[in-house]
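Here is a friendly walk through one model, from the whole chain down to single side chains. Please have a look at it first, and then read on.

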Amino acid sequence: MQVSVRNMAGETVSEFDLPEAIFGLEPNVAVMHQAVLRQLANARLGTVDTKTRAEVRGGGHKPWRQKHTGRARQGSRRAPHWKGGGVVFGPHQRSYEMRMPRKMRRLALRSALSAKAAEQQIVLLDELALESPKTRDFEQVLGNLNVQASALVVLPERNDNVERSARNLSDVKTLQVTCLNVFDILKFDTLILPVKALQVIEQILG
């Protein structure tokens with residue numbers, strides 16, 4: 001699959017053949033779905049915790065004697081039906097981590113990238129560099145590239161000027177190529193790839 005490589009002014013400077021093994025697959029929807037579920041599950045903290053009657057402070061003595069009071073028998077003030085008592089079926093700390101084999105993770109990434117390529121939603125740049133962090137300049141670049149919907153900008157390495165320029169745009173996200181994931185690829189309409197970032201993707205998934 002051949003894609004035009006453009007500069008920040010929107011001009012076509014060359015042509016580039018996307019690797020068939022990464023961008024030319026039939027997308028595996030089931031694997032992509034599993035990868036997204038895994039990513040969302042692993043982002044959950046699971047730190048909420050409630051105390052059982054054994055963990056609540058106090059309640060060591062019997063509130064009143066067993067018989068001859070006219071009241072129901074009670075063994076502790078920290079029983080679940082008392083105010084301040086323990087919680088019966090409350091949540092406890094747990095891990096929501098889901099595991100996925102490396103081959104499946106890579107297949108999910110290839111499938112997501114292939115889906116973007118098939119829909120012609122990949123924009124290749126020869127270089128993405130700004131002299132200073134200015135949102136206005138970054139918006140001008142997006143306008144030159146005719147990017148009107150949401151966009152995911154994949155950077156080959158850390159670039160403070162680009163990252164800070166895109167920070168104020170609600171429909172644009174910058175991401176270093178080593179953090180590329182299926183969820184973000186599918187979430188944003190357009191994938192903006194500098195050629196250097198594409199080369200790193202080839203090294204990782206090739």
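## Burial and overall form

Of the 206 residues in the chain, 37% are buried, where buried means under 20% relative accessible area, exposed means over 50%, and partly exposed is in between (1.4 Å probe, protein chains only). The model is a predicted one, in which local features need pLDDT of at least 70 and side-chain atom pairs count only at pLDDT 80 or more, while totals for chains, interfaces and linings use all residues. Residues are numbered from 1 along each chain as its sequence is written, and side-chain values use heavy atoms, with hydrogens and water left out.

Seven helices and six strands make up the secondary structure of the chain; helices (H or I, at least four residues) and strands (E, at least two) are DSSP runs, numbered from the N terminus. Read from the N terminus, their order is β-β-α-α-α-β-α-β-α-β-α-β-α. The chain has a radius of gyration of 27 Å, well over the 17 Å that the globule rule gives for 206 residues, so it is more spread out than a compact globule. That radius is taken over C-alpha atoms, and the rule is 2.2 Å times the number of residues to the power 0.38. Along the principal axes, the C-alpha atoms fill a box of roughly 95 × 40 × 25 Å.

## Contacts and surface

How much of the contact total comes from residues 24 or more positions apart? Among contacts in the chain with a separation of 6 or more, such residues account for 67%; a contact means heavy atoms within 4.5 Å. The chain exposes about 13,000 Å², and carbon and sulfur atoms supply 47% of that area. Accessible areas come from the Shrake-Rupley method with a 1.4 Å probe, and for residues only the protein chains shown count as cover.

## Aromatic rings and charges

There is one aromatic pair in the structure. Its rings belong to Trp 64 and Trp 82, and with centres 6.1 Å apart and planes at 50°, the pair is tilted. By definition, rings of Phe, Tyr and Trp (its six-membered ring) pair if their centres lie within 6.5 Å; planes under 30 degrees apart count as stacked, over 60 as edge-to-face and the rest as tilted. Both Trp 64 and Trp 82 lie in the loop between helix 2 (29-42) and helix 3 (102-118), so the pair ties together parts that are 18 residues apart in sequence. Trp 64 counts as buried at 16% relative accessibility, whereas Trp 82, at 21%, counts as partly exposed.

The charged end of Arg 44 sits over the Tyr 96 ring, 3.7 Å from its centre, and Arg 94 lies over the face of Tyr 96 at 3.9 Å from the ring centre. A charge sits over a ring if NZ of Lys or CZ of Arg is within 6 Å of the ring centre and within 35 degrees of the ring normal.

## Two buried serines

Ser 114, in helix 3, is buried at 2% relative accessibility. A polar atom of its side chain lies 3.1 Å from the backbone nitrogen of Leu 25. Leaving aside neighbours within four places in sequence, Ser 114 is in contact with Ile 22, Phe 23, Gly 24 and Leu 25.

Ser 150 belongs to the loop between helix 4 (135-144) and strand 4 (151-155), and is buried with a relative accessible area of 15%. Its side chain has a polar atom 3.0 Å from the backbone nitrogen of Asp 189. Not counting residues up to four places away in sequence, Ser 150 touches Asp 171, Lys 187, Phe 188, Asp 189 and Thr 190.

## Positive phi in two loops

Gln 120, in the loop between helix 3 and strand 3 (122-125), has a positive phi near 55° although the residue is other than glycine. At 72% relative accessibility, Gln 120 is exposed. Asn 146, another residue other than glycine, has a positive phi near 60°. Asn 146 is in the loop between helix 4 and strand 4 and is exposed, at 56% relative accessibility.

## A link across the sequence

What does Glu 202 contact, leaving aside its neighbours within four places in sequence? Its partners are Phe 16, Pro 19 and Ile 22. Glu 202 and Ile 22 are 180 residues apart along the chain, with their C-alpha atoms separated by 7.7 Å. Glu 202 is placed in helix 7 (residues 195-205) and counts as partly exposed at 31% relative accessibility.

Note on methods. Polar contact = N/O pair within 3.5 Å; in protein donor to acceptor, adjacent residues only side chain to side chain.
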